[in-house]
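Welcome, and thanks for taking a look at this model. Please keep the sequence and the structure side by side as you read.

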Amino acid sequence: MEPEFLYDLLQLPKGVEPPAEEELSKGGKKKYLPPTSRKDPKFEELQKVLMEWINATLLPEHIVVRSLEEDMFDGLILHHLFQRLAALKLEAEDIALTATSQKHKLTVVLEAVNRSLQLEEWQAKWSVESIFNKDLLSTLHLLVALAKRFQPDLSLPTNVQVEVITIESTKSGLKSEKLVEQLTEYSTDKDEPPKDVFDELFKLAPEKVNAVKEAIVNFVNQKLDRLGLSVQNLDTQFADGVILLLLIGQLEGFFLHLKEFYLTPNSPAEMLHNVTLALELLKDEGLLSCPVSPEVGHCHPGLTGCPALLWPADIVNKDAKSTLRVLYGLFCKHTQKAHRDRTPHGAPN
């Protein structure tokens, strides 16, 4: 990718360098928030509401936040905020002056936050690294989650979404993609986007869901028979990503080296790796009817930019609707192909 193109894509001001390939490890991704997104009125309003909430909460401690991007990264304010919200005392030093001690403090705080929100680390839309590196989107996700947990009556602006640009380092160079990131949920029917076919199926014709599942399971078992595999439960057997990857390999002619995925995953992180790889393969082949979230964390209802946005963690968590969305693209392509292959062409001799 040419540097000039990156400047145009990211809308970088003069003097600010776009990322070099060596800055990202192979397969690494980095998100950028272009100036047009930063100036979005609802995005600015969300920051204002959150800052006023934090300042009001920490008023007895005479702490004032002026920038969510610059004031939250070292864990000091998050430490005080969480202790006051959760009414507990964290075992962390009050003042951390070095980067190492600040990261340690931030780790202690975020571990406590995730426990309080009942989130595993891999489910959270923030991390120690992203907060410490002043990632504004991660900071906002964290603060919105805290506000919803500890002050649900706080009037946050609804349906706040911004366009972000992801830069990924691939074997062929840097690859860019524009995505929409949802920060707050929908609140009215007017805000809410149209539902997709599976939303309608589960809501209006739940009695037909099993028939759809049965048709897809039969299709899958026909394709996996040569591998000596079979599927009985669509909801659970795709959660670790193994059968999904083997099915994609059979249907699309991919050879996946065993070093690329976990054949016997032993943890949610390994399962998540497999499912994410499968979705990337399907996306590259144009077989997904809805976009894949750039985040791997769990999809909380109403917090996605599209009602059918695919979150890898939802498949790991055995969400039937998400699993059906993924398999449906393969089902349609290859059942239609089989039908075309059976249809005679031209007049018979």
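## Ground rules

Helices (H or I, at least four residues) and strands (E, at least two) are DSSP runs, numbered from the N terminus. The expected span of a helix is 1.5 Å times one less than its number of residues.

This is a predicted model, in which local features need pLDDT of at least 70, side-chain atom pairs count only at pLDDT 80 or more, and totals for chains, interfaces and linings use all residues. Residues are numbered from 1 along each chain as its sequence is written, and side-chain values use heavy atoms, with hydrogens and water left out.

## The chain as a whole

The protein chain holds 15 helices and 3 strands. Of its 349 residues, 47% are buried (buried means under 20% relative accessible area, exposed over 50%, and partly exposed in between, with a 1.4 Å probe and protein chains only). Take the contacts (heavy atoms within 4.5 Å) between residues at least 6 apart in sequence: 61% of them join residues at least 24 apart.

## Helix 3 and its surroundings

Helix 3 (residues 41–57) has 17 residues, and its first and last C-alpha atoms lie 24 Å apart, close to the 24 Å expected at 1.5 Å a residue. Its buried residues are Phe43, Leu46, Gln47, Val49, Leu50, Met51, Trp53, Ile54, Asn55 and Thr57. Which elements cover the buried residues of helix 3? They include helix 2 (35–38), helix 4 (68–71), helix 5, helix 8 (136–150) and strand 2 (161–170).

## Helix 3 against helix 5

Two packed helices are described by the angle between their axes and the distance between the axes. Here, axes are lines fitted to C-alpha atoms, for helices over the stretch in contact, and angles run from 0 to 180 degrees between N-to-C directions. The axes of helix 3 and helix 5 (residues 76–86) come within 10 Å and cross at roughly 70°. Angles under 35 degrees count as roughly parallel, over 145 as roughly antiparallel, 65 to 115 as roughly perpendicular and the rest as oblique. Helix 3 and helix 5 are therefore roughly perpendicular to each other.

The crossing of this pair is left-handed (the near helix is turned anticlockwise from the far one by less than a right angle; clockwise would be right-handed). Helix 3 brings Trp53, Ile54 and Thr57 to the contact, while helix 5 brings Ile77, Leu81, Arg84 and Leu85. By class, that gives 5 nonpolar, 1 polar and 1 charged residues. In this count, Ala, Val, Leu, Ile, Met, Phe, Trp, Tyr, Cys and Pro are nonpolar, Asp, Glu, Lys and Arg are charged, and the others, Gly among them, are polar.

## Helix 12 against helix 13

How do the axes of helix 12 (residues 242–252) and helix 13 (residues 268–284) cross, and at what angle? They come within 8 Å and cross at roughly 25°. That makes helix 12 roughly parallel to helix 13. The crossing of helix 12 and helix 13 is left-handed. On the helix 12 side, Val242, Leu244, Leu245 and Ile248 meet Asn274, Leu277, Ala278, Leu281 and Leu282 of helix 13. The residues of this contact divide into 8 nonpolar, 1 polar and no charged.

Helix 13 has 17 residues that should span 24 Å at 1.5 Å a residue, and its end C-alpha atoms are 24 Å apart, which agrees. Its buried residues include Glu270, Met271, Leu272, Asn274, Val275 and Thr276. Just after helix 13, Gly286 takes a positive phi of about 70°.

Just after helix 6, Gln118 takes a positive phi of about 60°.

Leu97 sits in the loop between helix 5 and helix 6. Is Leu97 buried or exposed? Leu97 is exposed, with a relative accessible area of 73%. Leu97 and Asp74 are 23 residues apart in sequence, and their C-alpha atoms are 9.1 Å apart in space.

## Two lysines with positive phi

Lys134 lies in the loop between helix 7 (128–132) and helix 8. Its phi is near 60°, a positive value in a residue other than glycine, and Lys134 is partly exposed at 31% relative accessible area.

Lys318 is in the loop between helix 14 (312–316) and helix 15 (320–342). Phi of Lys318 is near 65°, again positive in a residue other than glycine, and Lys318 is partly exposed, with a relative accessible area of 46%.
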